[in-house]
Amino acid sequence: MLRRLSLAAILLLGGREIAGSRQQPSTARTLQGSLASPVGSYSVDADSTLVALIKVATDFKLPMGIEWIKRGGVVVRYNHSWQVTTVSTIIQDIVASLPGYEVDSTGTRSVLHVRPSAFQVDNGDIVNAHVGLFQVKNELVEVASRRLQRLAGTIVMPREASQSPGGVAGSVGTGVDDQKVTFTIEDGTVRDILDRLCLAAGLKIWIVAYPAVATRTPAGFLRTASLYNDLPIEDRWQPTWNLLPWGTPRDLK
Amino acid sequence: MWHVDGSHNSLITAGNGGSNATHAAVTLFYNRGKSSYTIEKQLEPGEQIWADVGDIIRNQIPDKNGKTIPREVTMGSYELRDLDHIGVGYLYEGKLVIDKTWGHGYYGCAGCCGYEGQQMLPNPFSGGVGTQGNNTAESEDMCSNSWVDVTAETYDWATTNSDIVNLANAVSHFMSGGTVTGSGQVQLQRQLAREECPVEGFEPQNTQTAQVPTSLSIVSGTDSTSPEAKCSAGSVSGCGVTRTLVYQVLDQSGVPINSSMSFYDTITNVSGKNGCNLTGYTTTCSPQNSGPCGKSTGATGQFQDSLSICDSLCYSGSKCTTGCSTAATQTWYINGSQITMSLSYQCNKVLVNGN
């Protein structure tokens, strides 16, 4: 059930960001200012409520983090118009159309969070998990995000340090919106780090998707799902998420 | 020419000889053509617009822009323009200059201004398969010596092969790889003043190429590799490097494709050449070797790539070493086209197609 929070006052401080790498202090004020902005006339006609949220984030330049339970192939369009309102009301109305969702009240002050309210107290939500020290040194945001996935993977599927010699490699393509960034977060949650990543460059929206029918890993974590297909993701590739630039999303399933 | 002073006056008129209403403009030029005064009016069929130049100057009547002709101006040229019908106008004109000194007047007509030359822009015009873009037809107005947009008057848009580029109503739809000639037809008054600018057909053309993603080039100045250093990736720790670069997508002729395209990649081991014992690859979409996942190049067809390795076989005796090499095949899927590259992962470098 939606809580009609005062969006100007949402979101607590997250993990501690090491001096010299903190985000711009004006960001939180910018978000609050954006939410309070008056809107004369606005309408959304989107393929889904998720796409509606992305459109609002894009149109009003809001960094946004979304935890999304997929609809299992059911298409539910979102269509609504507003007259003489605020950005905050628009978001609250959209979230109100999602039974069981809320505007989240944890995390950093600078990113607007939308998620199922039940996840707030679920220790099995990987986004709530603490990952200790996370350092990013002159890395593309997308690459740092993938490294965070690997780190979170050791929490979702605990495994001993590899005994056999070998390694991992890769090639991660990313759009021209992405940039190299440097920061360190100590004792942050996955959410804190995703927030920091989406504030750092041009990828302004993070989305963690979950299957329509929830299942858990042996360690008790909710399994995540792909935004782009309905194939189950093996535990060794859990968790997964996506960082998107503001704009019209492609390929969403 | 028009002439106005103590003993002369000039009357210039234009009438609508067409069957539909049109907007007419009479422009008086003076100060050696550097200054102008314009009257505009919508004319119903048969209706006329009049310019009494003496009255305009004497009474300082403002034009459509609020401008007046200084009283000391005595002569200049003029132009009549049909604003609604660029190619073939509806207007006819008349001019009378009155000489009060000798009590007579003389008539005159402006020479016609026609068009000469045609072009279709952009030329050449390229677009990625699956995209579309607008063409513009132009012809040179010999009155003003400027190119005029005649797209709205152009018809019978076509290309030499509509399976490659389908051109309809000035919009090119790039269908499949190849190069064609695009064209349109337009009726314009040709610049032949002695023949009163007869209406003739023009055929502006351009060269159009539907581009297929065929290869990738590394954008100069974007390619760098970090020094080999200790690293960790999930449960793996060792040493390795990261190479970052920007790719430009090229077409079948090696020409950059300047449009936004979706992309993702897959990587597979080359059998028997996994000296680094790599157990998995991080690819553009998660989980590995899946796609598409919403990634797209910028509008100029460029995207960034980060190639990395982190391997315990690169770490020995508390030092980073250069002890292993793994060969892999990478396939990029760009707007539905596949581009295959060879990768060589080594402790201190990652090679793409041997470079």
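The domain assignment of chain B gives three parts: domain 1 (2–108), domain 2 (115–211) and domain 3 (215–352). This is a predicted model. The centres of domain 1 and domain 3 of chain B, taken over C-alpha atoms, are separated by 71 Å. Chain A is assigned domain 1 (7–121) and domain 2 (126–159 + 171–244).

| Chain | Domain | Residues |
|---|---|---|
| B | domain 1 | 2–108 |
| B | domain 2 | 115–211 |
| B | domain 3 | 215–352 |
| A | domain 1 | 7–121 |
| A | domain 2 | 126–159 + 171–244 |

**Chain A overall**

Chain A has five helices and eleven strands. Of its 253 residues, 45% are buried. Take the contacts in chain A with a separation of 6 or more: residues 24 or more positions apart account for 76% of them.

**Between the domains of chain A**

In chain A, 25 residues of domain 1 are in contact with 28 residues of domain 2. On the domain 1 side, the elements that give two or more residues are β1 (16–17), α2 and β3 (64–69) of chain A. The largest share comes from β3(A), with six residues. By class, this side of domain 1 of chain A divides into nine nonpolar, eleven polar and five charged residues.

**Helix α2 of chain A**

Helix α2(A) spans residues 49–59 and is mostly covered, with eight of its eleven residues buried. The buried residues are T49(A), L50(A), A52(A), L53(A), I54(A), K55(A), V56(A) and A57(A). Just after the helix, K61(A) takes a positive phi of about 55°.

Two packed helices are described by the angle between their axes and the distance between the axes. Here α2(A) packs with helix α3 (residues 87–96) of chain A at an angle of about 170°, and their axes are 10 Å apart. Angles over 145 degrees count as roughly antiparallel, so α2(A) is roughly antiparallel to α3(A). From α2(A), the contact uses T49(A), A52(A), L53(A) and V56(A). From α3(A), I90(A), I91(A) and I94(A) take part. An α-helix has 3.6 residues a turn, so residues three or four places apart point the same way. The residues of this helix contact divide into six nonpolar, one polar and no charged.

**A hairpin in chain B**

Strand β12 (residues 136–141) and strand β13 (residues 146–149) of chain B run antiparallel and are joined by four bridges. S139(B) stands opposite V148(B) in β13(B). The two strands form a hairpin with four residues between them. In the turn, N145(B) has a positive phi of about 55°.

**Where the chains meet**

Across the interface, 45 residues of chain B are in contact with 37 residues of chain A. On the chain B side, β23 (236–250), β24 (263–274), β25 (278–282) and β26 (302–311) each supply at least two residues. β26(B) gives the most, with ten residues. This side of chain B has 16 nonpolar, 25 polar and four charged residues.

Strand β8 (residues 167–174) of chain A and β25(B) run parallel and are joined by four bridges. In this pairing, A169(A) stands opposite Y281(B) in β25(B).

Key
Residues numbered from 1 in each chain as written. Chains lettered and ligands numbered in written order. Predicted model: local features only at pLDDT ≥ 70, side-chain atom pairs only at ≥ 80, totals over all residues. Contact = placed C-beta atoms within 7 Å. Nonpolar A, V, L, I, M, F, W, Y, C, P; charged D, E, K, R; others polar. Pairing = 2+ DSSP bridges. Buried ≥ 20, exposed ≤ 12 C-beta atoms within 10 Å, placed from the backbone. Domains from an automatic or database assignment. Axes fitted to C-alpha atoms, helices over the stretch in contact; angles between N-to-C directions. Parallel < 35°, antiparallel > 145°, perpendicular 65-115°, else oblique.
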